[in-house]
Amino acid sequence: MSTTDRVFIFDTTLRDGEQSPGASMNTDEKLEIARQLVRLGVDVIEAGFPVSSPGDFESVRRIGAEVGDAAVVCGLTRAVPRDIDVAADALSTAARPRIHTGIGVSESHLKDKLRITRETAVDRAIAAVKHARRYVEDVEFYAEDAGRADPAFLYHMIEQVIAAGATVVNIPDTTGYAYPEVFGALIAGLMEHVRGIEDVVVSVHCHNDLGLATANALAGVRAGARQIECTINGLGERAGNTAMEEVVMALKMRRDVFGVDTNINTREITRTSRLVSSITGIVVQPNKAIVGANAFAHSSGIHQDGVLKERTTYEIIDPADVGAGGSSIVLTARSGRHALRHRLEALGITLSDEEFERVHEEFLALADKKKEVYDEDLEALVGETERSANEVYHLEHLQVTSGDPGIPTATVELVDRQGNHYIDSSHGTGPVDALYKAINKIVREDNDLTEFRVEAVTRGIDALGEVTIRVTSPDGRVFTGRGAHSDIIVASARAYLNALNRLLVSTKPQVEEEL
Ligand code: KIV
Ligand code: ZN
């Protein structure tokens with residue numbers, strides 16, 4: 001494959017994706033996703049915005065160390081020397097580090113946000129690229145809000161940063177304003193008018209405010225872009241970013257049109273999607289292309305008849321090609337430790353001995369209640385074990401009574417990190433309300449419960465229940481919590497504590513305004 005028919009996949013799930021309200025992840029969760037992104041075969045992992053918080057800094061450091069030379073690891077910065085210094089420090093563990101720096105280029109960003117002239121913006125961009133090049137050889141420059149910028153100014157800016165040493169130039173449609181013909185023409189103009197463009201990789205970073213992020217990114221590729229910035233499940237600021245699974249499968253299925261390949265192992269797509277959804281608590285809509293629950297479901301009789309005769313009559317993608325083969329029965333109460341470990345490994349889950357013991361314990365309890373334990377059950381159990389690893393408060397006991405008539409009442413016992421035990425009770429409008437009130441009496445952390453959802457992990461009355469909730473702190477930050485158990489009241493308690501634990505350890509972002 002020549003470099004011209006290879007499109008690099010730049011995954012920003014851990015940076016732009018984390019900007020989805022409620023998608024904040026801790027370092028261990030980010031590491032787990034990074035490992036899966038390597039299995040998936042992405043070329044670049046944008047691991048965070050190091051200056052924004054100690055947590056982001058730590059994540060970039062640990063992901064750099066973990067990934068080795070399997071992928072480029074990238075840290076975001078503004079065109080600010082201190083941002084770049086901090087990113088370089090965080091990236092010092094990476095075998096293939098990239099600094100991603102940039103500045104706004106639209107009139108809106110220059111006049112209303114940065115309050116600087118075009119000349120000052122160009123000077124700052126050049127200085128930032130040169131500063132970053134002192135630390136690393138691979139420097140990507142983003143021209144923020146390029147989708148609404150004056151093309152002539154954009155081209156001038158890009159020419160200057162290439163001369164200053166940028167190796168990749170990113171053309172973001174930050175506000176999701178572009179549409180395919182216009183965005184494709186913007187990239188084509190760049191390829192035509194910018195001196196030195198043939199020496200760098202042109203990247204596209206499209207937001208989905210008009211539902212056009214995937215179409216715009218593909219139009220960019222048609223016009224010569226060779227890197228796509230995207231996220232798993234299309235997560236990202238506001239309406240999200242280009243969904244990795246969509247662009248990759250579009251390029252693959254329509255190679256006749258695009259004539260390019262990626263390095264993605266498409267069979268890992270479904271597993272990656274499920275992992276990201278499980279960690280962030282952001283559910284994938286059922287009709288979502290490629291990874292939605294209905295993406296390969298045929299409902300009408302005519303369609304079913306066609307697919308049974310020949311799959312391709314109504315199905316352009318073989319579900320197996322994206323790893324959506326459906327769950328297989330894997331284990332029962334009689335399966336031993338070896339079988340469990342083997343199955344977890346087959347699912348790409350590596351656990352320490354201590355983590356394995358905890359998963360094994362939960363597995364035995366579940367297998368006692370359920371005859372058949374599916375892959376999805378195992379993934380939920382592992383998620384539960386990981387969530388319980390760094391808790392501020394742990395659920396020790398729970399007792400709930402409810403009925404009609406009757407007064408729903410809950411008593412809970414929580415244990416904190418120092419081993420102190422707390423017991424309290426409350427009544428409420430229902431068992432979950434009573435339970436959450438009892439927990440609040442102990443934890444005493446102000447919040448609003450804004451979402452509560454229960455889902456069965458697999459089919460059947462004995463299925464594991466998974467509860468996802470969101471709480472909002474008084475300063476407007478959103479925290480997602482998840483809990484899984486065969487008893488949905490226990491799952492509800494675990495989910496609430498998971499959200500509260502996240503709230504308790506969170507720090508406010510340190511960068512809130514543009515310089
Ligand atoms: O949308 C955007 O412009 C961005 C940049 C920081 C690359 O996310
Ligand atoms: Zn973005």
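An oxygen atom of ligand 1 sits 3.0 Å from an N or O atom in the side chain of Asp16. That is a polar contact, meaning a pair of N or O atoms within 3.5 Å; within protein, one atom must be able to donate a hydrogen and the other to accept it, and residues adjacent in sequence count only if both atoms are side-chain atoms. This is a predicted model, where local features need pLDDT of at least 70, side-chain atom pairs count only at pLDDT 80 or more, and totals for chains, interfaces and linings use all residues. Residues are numbered from 1 along each chain as its sequence is written, chains are lettered from A and ligands numbered from 1 in the order in which they are written, and side-chain values use heavy atoms, leaving out hydrogens and water.

| Residue | Distance from its side-chain atom to an oxygen atom of ligand 1 |
|---|---|
| Asp16 | 3.0 Å |
| Thr174 | 2.6 Å |
| His207 | 3.0 Å |

Taken alone, ligand 1 exposes 260 Å², and the protein buries 92% of that; such areas come from the Shrake-Rupley method with a 1.4 Å probe, and for residues only the protein chains shown count as cover. Strand E5 (139-144) and strand E6 (168-173) are the elements that give two or more residues to the shell around ligand 1. Helices (H or I, at least four residues) and strands (E, at least two) are DSSP runs, numbered from the N terminus. Residues surrounding ligand 1 include Arg15, Leu76, His100 and Tyr142, where being near means having a heavy atom within 4 Å.

Asp16, in the loop between strand E1 (8-11) and helix H1 (27-40), and His205, in strand E7 (residues 201-206), are 189 residues apart, so the pair links distant parts of the chain.
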